[in-house]
Amino acid sequence: MGVSNPSPVEDQTRIDPPRDSDASGKGSGAPDGGPDKEPEKPSGPQRTVVKYGLALTVLLAGAILCSMLSLPLVIVSGVLALGAMACAVICLVAGIRAGQVAQAIVTGVIGFIVAGYVLVSAISTVLIWDIRADFEACMADSITEQATAVCQNDYNTQVGDWFERLTGQPMPGSQAD
């Protein structure tokens, strides 16, 4: 014969928590016991901030991704960056009108700066189009790491020479002879 030891947990009655969303048990979903209120819908300027903030994010992501492509597709990044700059300005103005100054400044200014950087990069690529095209052709033909290093070195030298012809100064970060 075996002796069973009943569990003390099984001997206690179970009490279920209240089923309303209100923990006080007042029976209403609102925290103060009053009727449920609809959440505030965003105003027109707030909707504009959200809409253009989303557009800014998508355009910046597209611009950054397109900046990594080969010629001529890299130029698409400049077009997307211009669109992102326009969205950043609209987002900044709409955010200030909606009373969301801090969010507008962060979103608008940072978005404008990043888009400006991508735009300058795209313009720079257009200015050195021939050098970049030669570099991409060289990289496509290089099989070994040594050939890749030669392509990179030639590209750096050509860009440095172009910069020096343009400004009369050696390119920053390049080794002076």
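These are my notebook entries on what I looked up in this predicted model.

**Ground rules**

I number residues from 1 along each chain as its sequence is written. Because the model is predicted, local features need pLDDT of at least 70, side-chain atom pairs count only at pLDDT 80 or more, totals for chains, interfaces and linings use all residues, and side-chain values use heavy atoms, with hydrogens and water left out.

**Overall layout**

I looked up the secondary structure and found six helices and zero strands. Helices here are DSSP runs of H or I of at least four residues, strands are runs of E of at least two, and both are numbered from the N terminus. The order along the sequence is α-α-α-α-α-α.

I then checked burial, where buried means under 20% relative accessible area, exposed means over 50%, and partly exposed is in between (1.4 Å probe, protein chains only). Of the 177 residues, 24% count as buried.

For contacts I used heavy atoms within 4.5 Å. Among contacts with a separation of 6 or more, 56% are between residues 24 or more positions apart.

**Record against model**

I looked up "transmembrane region" in UniProt, in an unreviewed entry, which lists residues 49–66, 73–96 and 102–129. The positions are in the numbering used here, feature names are shortened, and such annotations may be inferred rather than shown by experiment. In the model, residues 73–96 are 88% helix and 0% strand, with end C-alpha atoms 36 Å apart. Residues 102–129 are 96% helix and 0% strand, and their end C-alpha atoms are 40 Å apart.

**The loop between α2 and α3**

I checked the peptide bond from Leu 71 to Pro 72 and found it cis, with omega near -5°. Most peptide bonds are trans. Pro 72 sits in the loop between α2 (44–66) and α3 (76–97).

**Gln 46**

Gln 46 is in helix α2. I noted 23% relative accessibility for Gln 46, so this residue counts as partly exposed. Beyond neighbours within four places in sequence, Gln 46 contacts Lys 41, Ala 98 and Gln 100. Gln 46 and Gln 100 are 54 residues apart along the chain, yet their C-alpha atoms are separated by 8.1 Å.

**Thr 125**

I placed Thr 125 in helix α4 (residues 101–127). Thr 125 counts as buried because its relative accessibility is 7%. A polar atom of the Thr 125 side chain lies 2.9 Å from the backbone oxygen of Ser 121. Polar contacts are pairs of N or O atoms within 3.5 Å; within protein, one must be able to donate a hydrogen and the other to accept it, and residues adjacent in sequence count only if both atoms are side-chain atoms. Leaving aside neighbours within four places in sequence, Thr 125 touches Leu 71, Val 74 and Arg 132.

I found one salt bridge in the structure, defined as a side-chain nitrogen of Lys or Arg within 4 Å of a carboxyl oxygen of Asp or Glu. The partners are Glu 136 and Arg 132, with the closest N and O atoms 2.9 Å apart. Both are in helix α5, and because they are four residues apart, about one helical turn separates them. Arg 132 has 16% relative accessibility and therefore counts as buried.

**Ser 142**

Ser 142 is in the loop between α5 and α6. With 16% relative accessibility, Ser 142 counts as buried. I found the side chain of Ser 142 at 3.0 Å from the backbone oxygen of Met 139. The side chains of Ser 142 and Thr 148 make a polar contact of 3.3 Å.

**Helix α6**

I compared the length of helix α6 (residues 145–167) with expectation: at 1.5 Å a residue its 23 residues should span 33 Å, and its end C-alpha atoms are 33 Å apart, so the two agree. The expected span is 1.5 Å times one less than the number of residues. The buried residues of α6 are Cys 151, Tyr 155, Val 159 and Gly 160, and they pack against α5 (129–141).

Searching the whole structure, I found one aromatic pair. Phe 135 and Tyr 155 form this pair, which is tilted, at 4.5 Å centre to centre and 35° between the planes. The pair links Phe 135 in helix α5 with Tyr 155 in helix α6, 20 residues apart. Rings of Phe, Tyr and Trp (its six-membered ring) pair if their centres lie within 6.5 Å; planes under 30 degrees apart count as stacked, over 60 as edge-to-face, and the rest as tilted. Phe 135 and Tyr 155 are both buried.

After α6 comes Gly 168, with a positive phi near 80°.
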